[in-house]
Amino acid sequence: MILRKQQGILLILPALIVMGVFTFYPLLEGIRIAFTNKHLLKEGTEFVGLQNFARLASDEIFWISLYQSIVLTAVVVCLQFVFGLILAWAMSQELPGMSWFKSIIMASWVIPVAATVILFKFMAQPDVGLINIIIKGLGFENLNRYWLGDLKVALPFIMLLHLWRNVPFYGIAFLAAMQAIPGSYYEAAEIDGANAWHRFWHITLPGIRNMAIVMVTIHVLWTFNNFDFVYLATGGGPVNATDVLPVYVYRQCWSSYTLGYGASIGTIMLLLLMVYFIVFIKISDRGNIS
Amino acid sequence: MTKSRRKIGVAIAAYGVVFISLIFFILPMLWIIYCSFRTQSSIFTGVVLAPLHEFTLENYKTILSVTDYPTYFFNSFKIATVVSLLALVCSIAGAYGLSRFKIRWKNAIILGIFSTQMFPQVLLIIPMYLIVFSLQMLDTVMGVVFGQLILVLPFSIWMLKGYFDNIPVDIDDSARIDGCNVFQRLWYIMLPLGAPGIMVAGFFSFVVSWGDYLIVSIISQSQRTATATLVIQRLSSALLIRWGQVAAAAVLTIVPTIILFSFVQKRLVEGLTAGAIKE
């Protein structure tokens, strides 16, 4: 007979082994590589101390990518949050057809990102893409262009792709949290004469607080680490206009083969996310106590 | 009087949101399905409503019989199935252990699992490539599977733990007193009661694996393991893009995910958010 304690350990062992070998070990090894000049095609790896980090401090594309990563993450998560709330509000109304709407709206979240990128690349084509057909139909002939190839529009267009994929997920998640709020709270507030805005601010928002914290935490991490939207849509172009850190790391590693340098940028990403994670957990914990 | 008028206002606003959402979220998918049945020259006319004779099945015929797409589709299917099964075995056992047993450093383990979400995958993949290379698993199905497992395991465990936490402990306890061992309890109690959550976890793993580009692009080296996702990307970044065929290939790649989605759609929310709604 195995003891209860050991049973628990045995149950989680397979998951821990897989994650140990393919997540935690690679993480440590990745950080170690960041301090070497490892090259994919060259033999002989040497420890070079902080040389990679010194190099990236003066690497202009690193700073552009860092800036764009932060802007992209901040804008995308904020907009997703707001639009998700609006969507959840609409879906919480008991109206004919709403359950049908709820059942199809998350479709954009389940399809492969590569397919999402193709949908939008196709619609952004000059002359034959749906976006340009509509714009021309409205009489703005001179705006006809390849939207992902435009220096100013490319990054906002990437943000749009993120919104397209994730807003329904936010909406559905917030809706689930809203429905867990007891209806009696709202009735009591109504009797006390609270208006719609007050009810939203004092009942709905606190009610979905936990869900909101989880959604924002996860999506900041996922968006900042997201590689495929930018890489598949533009590869970082035109002229670095959409470069973000994950894509820059990927290019350094698998196009230039400089694994050591790529790993050092990846390590910086990890540090930034750890700082965010710790600060955010601290802040949301403090809110919990009060 | 004013109350019913306010209700009408709310309904109009809500339907407005629904209408805009349908256009924004659903129309792009309908558009690519529509265009996948048009000839290349029909698409290039830039006309929205094409005349009937411009519709064709040629794009699908070409993708399915002239190109290697079916091979890649089958690879995707094989890889995603193995990933889901392995992820389910590991995460059901793991979530059950974390949900029901006293384990030393349990909180640290849970935090550790959650914190993997902040590890940059582009950093992990550098050593992962070297590990897979030294295990001689480059360009093998298992190599891709192990790489993708780390994408799905943490979230899957976290989600299932939340789901299992919501199943009353009493049922579990009384079965233990009746003499059921740990595997019997897992098999006869947690699996049936947790089935909706398990379905969602399996669905999540399948969809993530099916849609993965990063890991396949590194570990796959040839036709043996290249997936549909990889190939539609290649088709759509060719110098001369045949949009009709790209659209057909993209639709074929989307279809399995949508079919599975239609099965779990009712449970999806419940399952995905179980970890966050507890209190």
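1. Let me start with the interface: 73 residues of chain B meet 77 residues of chain A, where two residues are in contact if their C-beta atoms, placed from the backbone, lie within 7 Å. On the side of chain B that touches chain A, at least two residues each come from α1 (2–36), α4 (69–100), α6, α7, α10 (195–211), α11 (214–219), α12 (228–236) and α13 (243–277) of chain B. With 15 residues, α13(B) gives the most to that side.

2. A word on provenance before going on. This is a predicted model, in which local features need pLDDT of at least 70 and side-chain atom pairs count only at pLDDT 80 or more, while totals for chains, interfaces and linings use all residues. Residues are numbered from 1 along each chain as its sequence is written, and chains are lettered from A and ligands numbered from 1 in the order in which they are written.

3. The C-alpha trace of chain B spans about 75 × 70 × 35 Å along its principal axes.

4. Of the 279 residues in chain B, 47% are buried. Buried means 20 or more other C-beta atoms within 10 Å of the residue's own, exposed 12 or fewer, and partly exposed in between, with C-beta atoms placed from the backbone. Among contacts in chain B with a separation of 6 or more, 79% join residues 24 or more positions apart.

5. Some backbone spots deserve a look. The peptide bond from G237(A) to P238(A) is cis, with omega near -10°, and P238(A) sits in the loop between α12 (228–233) and α13 (245–254) of chain A. N240(A), also placed in the loop between α12 and α13 of chain A, has a positive phi near 60° although it is not glycine. N240(A) counts as partly exposed, with 16 C-beta neighbours inside 10 Å.

6. In chain B, Q136(B) is another non-glycine residue with positive phi, near 55°. Q136(B) lies in the loop between α6 (121–134) and α7 (141–165) and is exposed, with 9 other C-beta atoms within 10 Å.

Key
Helices (H or I, at least four residues) and strands (E, at least two) are DSSP runs, numbered from the N terminus.
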